[in-house]
Amino acid sequence: MSDAVGNPDKVSSATDEQLMVAFARGSTEAFSELFARYKQPVFGFFRRRLADPEQAEELTQETFLAILRASSRYEPRALFRTYLYAIGLKILRAHRRKTAFRATFLGAKDKVREPASPSTADTELFLRQAVAKLERVDREILLLREFEQLSYAEIAELLRLPINTVRSRLFRARMALRDLLTARVPKLTAGELTQSEESV
Amino acid sequence: MNIAAHPVAPEEIMVFLDGELSAAEAQAVSAHIEGCADCAKIVEQSRSTSQALARWNVEAIPVKLEKSIADSMTKAGSRLDLGKPNLFIRSSFWNWKQWAVAGGGAVATLLCVIAISVSTLQRSPQATMDERVAHDGAQQSVRDNLGAGTIGKLEVPRKLTNTDKHSIPSMGVQLTRGYSNAPAPQASPSVINGQPTTDQLSNNAPMIARTVSLSIVVKDFTASRSLLDSVLARHHGYFAQLNINTPENAGRSLQASLRIPAPELSSALADLRNLGRVDNESQSGEEVTQQHTDLLARLKTSRETEERFRAILAQRTGKLADVLQVEEEIARVRGDIERMEAEQKDLEHRVNFATVELQLTEEYRAQLNPPAASVSTRIYNAFVKGYHDASETVLGIVLFFAENGPTLLTWVAILALPAILVWRRYRKALATL
């Protein structure tokens with residue numbers, strides 16, 4: 001399999017799983033390619049789930065470090081994408097537990113850095129608040145489907161839920177989000193929204 | 001939406017839009033949507049929701065982060081240490097199942113430790129009491145009545161008779177290993193069959209109840225056992241108690257409480273020491289002269305009182321109630337006299353017959369081919385032992401909770417409310433993330 005990615009020209013055409021196996025065998029080019037493919041999706045994964053961009057950066061780094069550390073034990077039994085987001089989810093949950101623990105016992109609250117662009121803040125805040133109102137598991141399913149583009153089966157495997165539950169919860173989340181967005185639009189006028197989106 | 005008119009459920013339409021239906025199902029749903037305005041509206045709404053979400057863009061990954069990960073990748077490629085992962089966010093740890101297993105294991109271990117501790121504590125109160133008595137005995141001021149040259153090195157005797165319950169001070173002297181005991185004070189030779197003679201009492205000779213503790217290691221246990229019998233016979237002593245243990249894969253041992261006439265104690269001890277190597281020897285003597293004198297005086301007084309009552313009963317006449325009262329007094333005094341007489345006999349017996357607490361231990365020699373028990377016997381014994389151990393463990397746990405349950409429940413009741421409040425606060429904080 002590593003021969004498939006031994007040639008730099010073939011690296012870009014290799015599958016994720018082939019690249020990971022090649023990296024486990026010592027090919028740094030393979031991991032560079034994987035990193036190039038997933039750096040933005042993974043960062044987006046955390047960025048949409050965390051208000052603080054610095055924390056999203058930290059967890060992104062932690063995820064790729066976990067992949068690097070576990071590379072020697074990697075077995076291509078599932079899609080690399082599922083494997084990657086499974087690690088990302090575990091890291092995210094651990095981070096949430098730690099943050100909740102700090103908030104409970106130390107009263108520490110995470111700082112939220114203001115986004116650089118006000119127009120980005122409008123859209124982000126608008127959608128973030130709407131999504132935050134969804135039930136927790138529904139929200140996770142919706143985000144995994146809409147942004148990580150995972151299939152129902154992959155989501156079911158990641159969240160350890162029956163696939164029919166994923167279907168019904170995803171439908172419920174979409175309906176709830178539709179209602180939320182519809183209800184919120186009058187507060188944020190369409191003109192403001194269009195203007196802010198144009199400036200992005 | 002009427003399900004009868006719409007054989008395709010709205011959820012099915014969503015699945016269709018996500019491309020998760022099979023080709024045949026997708027074709028059927030697609031055909032239905034084309035001819036159904038309501039379903040087309042659902043499609044439109046679903047698409048608009050997805051499009052709204054698609055506007056949620058995030059900034060590009062920072063360059064510094066990219067560089068940091070690239071450095072880590074280089075390190076990993078060079079087999080350099082990437083550092084330990086954060087324990088809290090280790091990818092393969094800290095899910096609820098592992099928490100449950102680890103917590104359950106910890107609780108089980110704790111319960112086992114507690115159960116073992118409880119059962120051990122239950123078995124040892126007698127041993128603790130013995131040690132405490134021995135310790136108290138050692139604390140007593142030592143008055144050496146054993147003659148010149150008897151003090152080698154004072155130690156806490158391993159075994160002492162319970163002499164400190166009397167008010168009369170006791171004497172405790174222990175001889176270190178290999179110490180040759182000096183001649184002990186001889187009880188009066190006029191003691192006959194355990195009864196003190198008038199010489200002993202009238203001469204104001206001290207009455208001493210002697211106790212010796214002797215631990216001897218022997219090579220030939222059987223021969224030593226026979227010799228012990230002959231020593232006792234020769235010195236007119238007897239076994240007050242005898243206990244022989246024959247454990248498997250260990251030397252046999254004998255624990256005996258010997259009673260030896262006080263005058264013959266020294267010679268008997270000399271004979272006993274010849275049985276083997278003296279591992280430990282200690283002697284103590286309790287002076288009971290004062291106790292005995294007091295007892296005799298009280299006995300004499302009580303007898304005189306009894307005589308007076310009897311005289312009153314015989315010579316005087318009176319009411320029936322008075323007669324009955326006198327008879328009750330006579331009965332009470334008689335009871336006191338009998339009790340004191342028994343006490344006197346016991347005291348004199350202790351003086352006349354020294355107590356030797358003897359422990360014989362065989363030097364164990366492992367057998368080259370020990371006769372092993374049969375497989376079935378060993379399996380049976382293992383089951384029995386396992387059953388007993390399990391019973392003891394369960395009993396220990398039950399006893400622990402019986403003893404500490406109320407306290408634990410009290411603490412649970414005290415801590416429950418704060419714990420619930422903290423837990424709710426934690427869940428609330430978690431839900432907002």
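This is a predicted model: local features need pLDDT of at least 70, side-chain atom pairs count only at pLDDT 80 or more; totals for chains, interfaces and linings use all residues.
A crossing of two helices is called left-handed if the near helix is turned anticlockwise from the far one by less than a right angle, and right-handed if the turn is clockwise.

**Entry 1: α10 and α11 of chain B**

I looked up helix α10 (residues 289-315) of chain B against helix α11 (residues 320-352) of chain B, and found that they pack at an angle of about 155° with their axes 9 Å apart. Angles over 145 degrees count as roughly antiparallel, and therefore I describe α10(B) and α11(B) as roughly antiparallel to each other. By the definition above, α10(B) passes α11(B) in a left-handed crossing. When I sorted this contact of α10(B) with α11(B) by class, I noted eleven nonpolar, five polar and ten charged residues.

**Entry 2: α1 and α3 of chain B**

Next I turned to helix α1 (residues 10-17) and helix α3 (residues 37-54) of chain B, whose axes come within 10 Å and cross at roughly 55°. That angle makes α1(B) oblique to α3(B), and I recorded the crossing of these two helices as right-handed. From α1(B) the contact takes B:Pro10, B:Ile13, B:Met14 and B:Leu17, while α3(B) supplies B:Cys39, B:Ile42, B:Val43 and B:Ser46.

**Entry 3: strand β6 of chain B**

I then asked myself how many residues of strand β6 (residues 353-362) of chain B are buried. The strand is mostly covered, with eight of its ten residues buried. I followed its pairing with strand β2 (residues 208-218) of chain B, which is parallel and runs over eight bridges, and I noted that B:Leu214 stands opposite B:Leu358 in β6(B). Strand β4 (residues 253-261) of chain B is joined to β6(B) by nine bridges in the antiparallel sense, and here B:Gln255 has B:Gln359 of β6(B) as its bridge partner.

**Entry 4: where chain A meets chain B**

Last, I looked at the two chains together and found 51 residues of chain A in contact with 40 residues of chain B. On the side of chain A that touches chain B, the elements giving two or more residues are α4 (28-49), α5 (53-69), α6 (80-106), α7 (118-132), α8 (136-146) and α10 (163-184) of chain A. Which element gives the most to that side? I found that α6(A) does, with 13 residues. The residues on this side of chain A divide into 20 nonpolar, 14 polar and 17 charged.

Technical notes
Residues are numbered from 1 along each chain as its sequence is written. Chains are lettered from A and ligands numbered from 1 in the order in which they are written. Axes are lines fitted to C-alpha atoms, for helices over the stretch in contact, and angles run from 0 to 180 degrees between N-to-C directions. Helices (H or I, at least four residues) and strands (E, at least two) are DSSP runs, numbered from the N terminus. Angles under 35 degrees count as roughly parallel, over 145 as roughly antiparallel, 65 to 115 as roughly perpendicular and the rest as oblique. Ala, Val, Leu, Ile, Met, Phe, Trp, Tyr, Cys and Pro count as nonpolar, Asp, Glu, Lys and Arg as charged, and the others, Gly among them, as polar. Two residues are in contact if their C-beta atoms, placed from the backbone, lie within 7 Å. A residue is buried if 20 or more other C-beta atoms lie within 10 Å of its own, exposed if 12 or fewer, and partly exposed in between; C-beta atoms are placed from the backbone. Two strands pair if DSSP finds at least two bridges between them.
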